[in-house]
Amino acid sequence: MELGLTDKVVIVTGASKGLGRAIALEFAKERANVVICARDETQLKAAAEELRLTGSTVLGISADVTIGADVDRVVRETLDAFDRIDVLVNNAGDGWLDHTLDSPDEAWNQCLDVNLMSAVRFCRAVVPHMKKQSTGRIINLSSVSGHTPPPMLIDYNAAKAAMLALSKTLSLQLADDNILVNSVCPAFIESPLWDRLADDSIGTFGDTREAVYQTLADQMINLKRFGRDDEVSGIVAFLASDRASFITGSRFDA
């Protein structure tokens, strides 16, 4: 299937590892110009080198998505390099099992900042340029826990639910500008984040990381296994493509 992504300019946040890296690689294979950002410069450099093996033009920018000045710098450097932004993928996120209802405001704000406000900052910075182009795509990575929350990660679930509301509202506000906004809701996906959460759960859900994965999969996933990042990345690329030109305001579980 020809997706029509050749030479499109795509920003993927939190793309040095895990799902973000897989999404960026999906776009690179489609011959898009890919901009990735993350905090860890070593991992960012490795990811950029991997993406360049596809022949795609790749720009890696070290940035913290919780800092407004860093977000603005990513957008500015992207425009300096490519003179446009066609696709924004808000993937950056994190979670902590020890955050509860009784956690202090600082812990809640930490979670909301990286999982929700990072997307708000990037949308705020990118939308004016997409409006000038009269076209653009925004894909926000929420989670199935945003609409069907498990009994854990309360602040993360709340942030991902807010991401769904943000996506739907923006899709309505930006439709006249031909800016399409959709959300993708992964289930439990094998990733560095879930490796850490599984390790933190050893003794509660199993005696090993693998046992924790299987216990959670048996309890919460119809297919009884965690998903792979490449089982999600293709959906994101499709939503950014010419084949999805009549889809906006929608939610896709993966």
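Trainee: Where does arginine 31 lie?
Mentor: Arginine 31 is in the loop between H1 and E2. Before we go on, this is a predicted model, so local features need pLDDT of at least 70 and side-chain atom pairs count only at pLDDT 80 or more, while totals for chains, interfaces and linings use all residues. Residues are numbered from 1 along each chain as its sequence is written, and side-chain values use heavy atoms, with hydrogens and water left out. As for the H and E labels, helices (H or I, at least four residues) and strands (E, at least two) are DSSP runs, numbered from the N terminus.

Trainee: What is the phi of arginine 31?
Mentor: Positive, about 70°, although arginine 31 is not a glycine. Most residues other than glycine have a negative phi. Arginine 31 counts as partly exposed because its relative accessibility is 44%. The cut-offs are under 20% relative accessible area for buried, over 50% for exposed, and partly exposed in between, with a 1.4 Å probe and protein chains only.

Trainee: And what about phi at asparagine 178?
Mentor: Phi of asparagine 178 is also a positive value, near 60°. Asparagine 178 sits in the loop between H5 and E6, and at 38% relative accessibility it counts as partly exposed.

Trainee: OK, on to E2. How many of its residues are buried?
Mentor: 6 of the 6, so E2 is largely enclosed by the rest of the structure. Asn33, Val35 and Cys37 are buried on one side, and Val34, Ile36 and Ala38 are buried on the other. In a regular strand the side chains alternate between the two faces of the sheet.

Trainee: In which sense do E1 and E2 pair?
Mentor: Parallel, over 5 bridges. Two strands pair if DSSP finds at least two bridges between them. Isoleucine 11 stands opposite valine 35 in E2. The chain goes from E1 through H1 to E2, and this β-α-β crossover is right-handed. That term applies if, with the strands pointing away from the viewer, the path from the first strand over the helix to the second runs clockwise.

Trainee: How many bridges link E2 and E3?
Mentor: There are 5 bridges, and E2 and E3 pair in the parallel sense. Valine 34 has valine 58 as its bridge partner in E3. With helix H2 (residues 41-52), E2 and E3 make a right-handed β-α-β unit.

Trainee: What about E4, which way do its side chains point?
Mentor: Val87 and Val89 point one way from E4, Leu88 and Asn90 the other way, and all are buried. E4 pairs with E1 in the parallel sense over 3 bridges, and leucine 88 is the bridge partner of isoleucine 11. E4 also runs parallel to E5, joined by 4 bridges; there, valine 89 partners isoleucine 139.

Trainee: Which helix makes a β-α-β unit with E4 and E5?
Mentor: Helix H4 (residues 105-133), and the unit is right-handed. Arginine 124 lies in H4 and counts as exposed at 56% relative accessibility.

Trainee: Switching to H8, which of its residues are buried?
Mentor: Val232, Ser233, Val236, Ala237 and Leu239. They cover an arc of only 160° around the axis, which puts them on the same side of H8. The arc is that of the directions from the helix axis to the C-beta atoms. The elements that the buried residues of H8 pack against include helix H1 and strands E4 and E5.

Trainee: And H6, which residues are buried there?
Mentor: Trp194, Leu197 and Ala198. Seen down the axis of H6, its buried residues fall within an arc of 100°, so they line one face of the helix. They pack against helix H7 (209-220).

Conventions
Contact means heavy atoms within 4.5 Å.
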